[in-house]
Amino acid sequence: MNDRVVVALDVGGTGMKCALVRPDGVVVHTERHPTGASRGPVAVVETILDVAEGLAGKARADGLDPVALGVAVPGVVDEARGVAVWSANVGFRDVPLRDLAVARLGLPTALGHDVRVGGLAEARLGAGRGAGHVLFVAIGTGIAAAHVVDGSATVGAHGAAGEIGHILVRPDGPRCGCGRPGCLEAVASASAIGRRYADLAGSSGAAAEVTAAEVAERAAAGEPLAVQAWREAVEALADGLATGQALFDVATIVLGGGLAQAGDRLLVPLRAALHERMTFHREPRLVAAALGDEAGCLGAALLALDALGVRDHQEKR
Ligand SMILES: [Zn+2]
């Protein structure tokens, strides 16, 4: 039955990654399209449906059988009702995306949260494979997590589980986008690290527009202000992850998002800082994500297959 595929879309604030995914997790086709979020949520929904319909047509033209649709979106997502409840960067407010997709494509459809499905994919097909209990933490412009137990990501009572970026780590720290001071993502997201370095460098001007990756590079080269900015972020991340471990007691923490691309420059000091914070807790394995930016599409496809009751694919690989 290798001719069955799932149509998968991972909708972000600027672009959507799209794929045709076989039930065994193999991606057979990918496409990218602009989200065009500035056009407003109604136009974005139309684009999502158009792209999904186009992919299903492409599958059929290639002799494949599209059996389901999986869509991942950012923000607050009610997976049970298939509703995109709220999203700052796409503008969704209570959009019944699953029902709209079913009406347009006639395919069983699952709607998921971008980070939670990314975590699902990493836990089942990627760096957390075989761990059972996994915490996936995506560190980019913000910080969010997915707690995955035996291949299912916790959704929460209101579709908002996993907001580890809003754990309070520095009460006197910079104000977070959520309005409160000292949240983890206000201190340790990729954008926060760039800002902190610029603040430390002050009026020298050399620090304007420095990315977190560049801060990591300068820190590795021994530049004192970069070393300080990087160390502060690592310490804050370790505080956040220690809280996560106290709550969830996972076997493996998988770090994803742009910051994880710093590799050992992040992982080595972060492992040490996390180790210092463990008392009676069992220390989790701390690893970088393995699936890259395909994780969202793979996870959306897995969610759709789960909804169909097809749950034997990845174990058989
Ligand atoms: Zn916050």
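User: How does Glu235 count: buried, partly exposed or exposed?

Analyst: This is a predicted model, in which local features need pLDDT of at least 70 and side-chain atom pairs count only at pLDDT 80 or more, while totals for chains, interfaces and linings use all residues. Residues are numbered from 1 along each chain as its sequence is written, and side-chain values use heavy atoms, with hydrogens and water left out. Buried means under 20% relative accessible area, exposed over 50%, and partly exposed in between (1.4 Å probe, protein chains only). Because its relative accessibility is 27%, Glu235 counts as partly exposed.

User: Which side chain meets that of Glu235 in a salt bridge?

Analyst: A salt bridge requires a side-chain nitrogen of Lys or Arg within 4 Å of a carboxyl oxygen of Asp or Glu. The structure holds 14 salt bridges. At 2.7 Å from N to O, the partner of Glu235 is Arg277.

User: How many residues apart are Arg277 and Glu235?

Analyst: Helices and strands are DSSP runs numbered from the N terminus (helices H or I, at least four residues; strands E, at least two). Arg277 belongs to helix α8 (residues 264-277), whereas Glu235 belongs to helix α7. The pair links distant parts of the chain, with a separation of 42 residues.

User: What is the N to O distance between the side chains of Lys58 and Asp62?

Analyst: Lys58 is partly exposed, as its relative accessibility is 29%. Asp62 is likewise partly exposed, at 44%. Their side chains meet in a salt bridge with an N to O distance of 3.0 Å.

User: In what order do the strands stand in the open sheet that contains β9?

Analyst: Two strands pair if DSSP finds at least two bridges between them. Strands β9 (residues 133-139) and β10 (residues 143-149) meet this through seven bridges in the antiparallel sense, and Phe136 has Ala146 in β10 as its bridge partner. Five strands form this open sheet with mixed pairing, in the order β11-β10-β9-β12-β13.

User: At what angle to β1 does helix α9 run?

Analyst: A second open sheet of five strands has the order β3-β2-β1-β4-β8, with mixed pairing. Its edge strands are β3 (27-34) and β8 (109-113). Helix α9 (residues 295-308) lies across β1 (4-11), β2 (15-21), β3, β4 and β8. Its course relative to β1 is at about 125 degrees.

User: What is the geometry of the site of the zinc ion?

Analyst: Donors are N, O and S atoms within 2.8 Å of the metal (3.2 Å for Na, K and Ca); water is not among the atoms, so sites may look incomplete. Here the protein donors are His166 (ND1), Cys176 (SG), Cys178 (SG) and Cys183 (SG), at 2.0 to 2.3 Å. Four donors count as tetrahedral if all angles lie between 85 and 135 degrees; four count as square planar and six as octahedral if opposite donors are over 155 degrees apart and all others between 65 and 115, and anything else is irregular. With angles of 103 to 120 degrees among its four donor atoms, the site of the zinc ion is tetrahedral.

User: What spacing do the donors of the zinc ion follow along the chain?

Analyst: His166 is partly exposed at 26% relative accessible area, and Cys178 is partly exposed at 46%. The spacing of the donors along the chain is H-x9-C-x1-C-x4-C.

User: How does Asp172 count: buried or exposed?

Analyst: Asp172 is found in the loop between β11 and α4. Its C-alpha atom is separated by 6.1 Å from that of Gly182, ten residues apart along the chain. Because its relative accessibility is 81%, Asp172 counts as exposed.

How values were computed: Contact means heavy atoms within 4.5 Å. Axes are lines fitted to C-alpha atoms, for helices over the stretch in contact, and angles run from 0 to 180 degrees between N-to-C directions.
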